[in-house]
Amino acid sequence: MSNNGSTVGSVSIRNVTKIFDPEGAHVLALDNCSLEIPAGEFCVIVGPSGCGKTTLLNAIAGFHGISSGEISLDGVPICTPEKMAEPGADRIVVFQNGALFPWYTVMENVIYGPVVQGKMTEAEARQAAGKILGEMGLQGIANCYINEISSGMRRRVEIARAMVNDLKILLMDEPYRAMDALTKSVMHKHLLDVYDRAHKTIFFITHDLEEAIYLGSRVVVMTTRPGRIKKVIDVDIPRPRDLQVLASERYRELKMEVLEAVQEEARKAFEAGEREFA
Ligand SMILES: Nc1ncnc2c1ncn2[C@@H]1O[C@H](COP(=O)(O)OP(=O)(O)O)[C@@H](O)[C@H]1O
Ligand SMILES: [Mg+2]
């Protein structure tokens, strides 16, 4: 069932295994991962460093293939061992380091995709972009160049740019990792606003367990490499959410549950490392 009335953007990850084989090294990054993400869910992935989170996101985005299994979007297989997904405007990635064109303004960045792909005329794209920038409170910076705005603003512009496309799923790989706590908390508010309004599926990777619970509808904990799905925790905190959530008993319970699962995996990773160096 959809979380917020969405009917598009369901992702089905079935028995996905990914082996990287650079010069015969044979790194098993994902081991038989299965996960069903309903349309419109805010799904958060956590797990030890190197456990395969980015590998999974990249397979959905179409940046690399998989070794076995299948990934479907709205019931249509998009990634199989025979054929990797094609990157598309329906799956947009927001990176930690951003991917905006510095020589364009905010408006030019947002309209770039649909115009280049011939999906809208420039006038149509400007109108659509103006609406989204307005909803996101970004109209005041529409004519600024990217190097004139803060990194927080850039993350928000990336989301606006994704929204103007035929977006089904927003893929976010630790987008706020390098930010200070205050900026991060502003980013969270804006992202929650976008989520509550736009009804898009979000696949969000983070190391920050507080962020995971504050934002997510479910938190998926992965095992230490090879990455498997260890535990899926339902975040049964109602939306819209605000900072009061952080003071609630339920939030603390959930945080403890996620922390225990992640710590168990981090300990395994550490012990494996110790053995390697012994
Ligand atoms: N292109 C690649 N070639 C070889 N190994 C890779 C490649 N990409 C990732 N890996 C390995 O796969 C594992 C999972 O990586 P990644 O998905 O980036 O982890 P995470 O995002 O959870 O930190 C790591 O051991 C990493 O070194
Ligand atoms: Mg990663």
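Visitor: Which residue stands opposite Cys-43 in strand 8?

Guide: Opposite Cys-43 stands Phe-203 of strand 8. Please note that this is a predicted model, in which local features need pLDDT of at least 70 and side-chain atom pairs count only at pLDDT 80 or more, while totals for chains, interfaces and linings use all residues. Residues are numbered from 1 along each chain as its sequence is written, and chains are lettered from A and ligands numbered from 1 in the order in which they are written.

Visitor: What counts as a strand, and when do two of them pair?

Guide: Helices (H or I, at least four residues) and strands (E, at least two) are DSSP runs, numbered from the N terminus. Two strands pair if DSSP finds at least two bridges between them. Strand 3 (residues 42–46) and strand 8 (residues 201–205) have 4 bridges and pair in the parallel sense.

Visitor: What is the order of the strands in the open sheet of 6 strands?

Guide: The order is 6-7-8-3-9-10, and the pairing is mixed. Strand 6 (91–94) and strand 10 (229–234) each have a single partner strand, so one side of each is left without a neighbour in the sheet. From one strand to the next, the twist averages 20°. Such angles run from 0 to 180 degrees between N-to-C directions, and the axes are lines fitted to C-alpha atoms, for helices over the stretch in contact.

Visitor: How do strand 9 and strand 10 pair?

Guide: Strand 9 (residues 218–222) pairs with strand 10 in the antiparallel sense over 5 bridges. One of the bridge pairs joins Val-221 to Lys-231 in strand 10. The two strands form a hairpin with 6 residues between them. Pro-226 is found in the loop between strand 9 and strand 10, and the peptide bond from Arg-225 to Pro-226 is cis, with omega near 0°.

Visitor: Which other residues does a cis peptide bond join?

Guide: Arg-239 and Pro-240 are joined by a cis peptide bond, with omega about -5°. Pro-240 is in the loop between strand 10 and helix 7 (249–277).

Visitor: Changing topic: what is the strand order in the open sheet of 4 strands?

Guide: That sheet has the order 2-1-4-5, with antiparallel pairing. Its edge strands are strand 2 and strand 5 (76–79), each pairing on one side only. The twist averages 35° from one strand to the next. Strand 4 (residues 68–73) and strand 5 pair over 3 bridges, and Ser-72 stands opposite Pro-77 in strand 5.

Visitor: Where is Asp-74 found?

Guide: Asp-74 is in the loop between strand 4 and strand 5. Its phi is positive, about 50°, although Asp-74 is not a glycine.

Visitor: Which residues come nearest to ligand 1?

Guide: Of the 13 residues around ligand 1, those that come nearest are Phe-20, Ala-29, Lys-53, Thr-54 and Thr-55. A residue is near a molecule if its C-beta atom, placed from the backbone, lies within 6 Å of it. Helix 1 gives the most to this shell, with 3 residues.

Visitor: Which residues have the most contacts inside the largest nonpolar core?

Guide: They are Val-44, Ile-60, Leu-170, Leu-171, Phe-203 and Val-258, in a core of 71 residues. A nonpolar core is a set of buried Ala, Val, Leu, Ile, Met, Phe, Trp, Tyr and Cys residues joined through C-beta atoms within 7 Å.

Visitor: What is Leu-170 in contact with?

Guide: Leaving aside its neighbours within four places in sequence, Leu-170 is in contact with Ile-92, Val-94, Ile-159, Ala-162, Lys-200 and Ile-202. Two residues are in contact if their C-beta atoms, placed from the backbone, lie within 7 Å.

Definitions and conventions:
A residue is buried if 20 or more other C-beta atoms lie within 10 Å of its own, exposed if 12 or fewer, and partly exposed in between; C-beta atoms are placed from the backbone.
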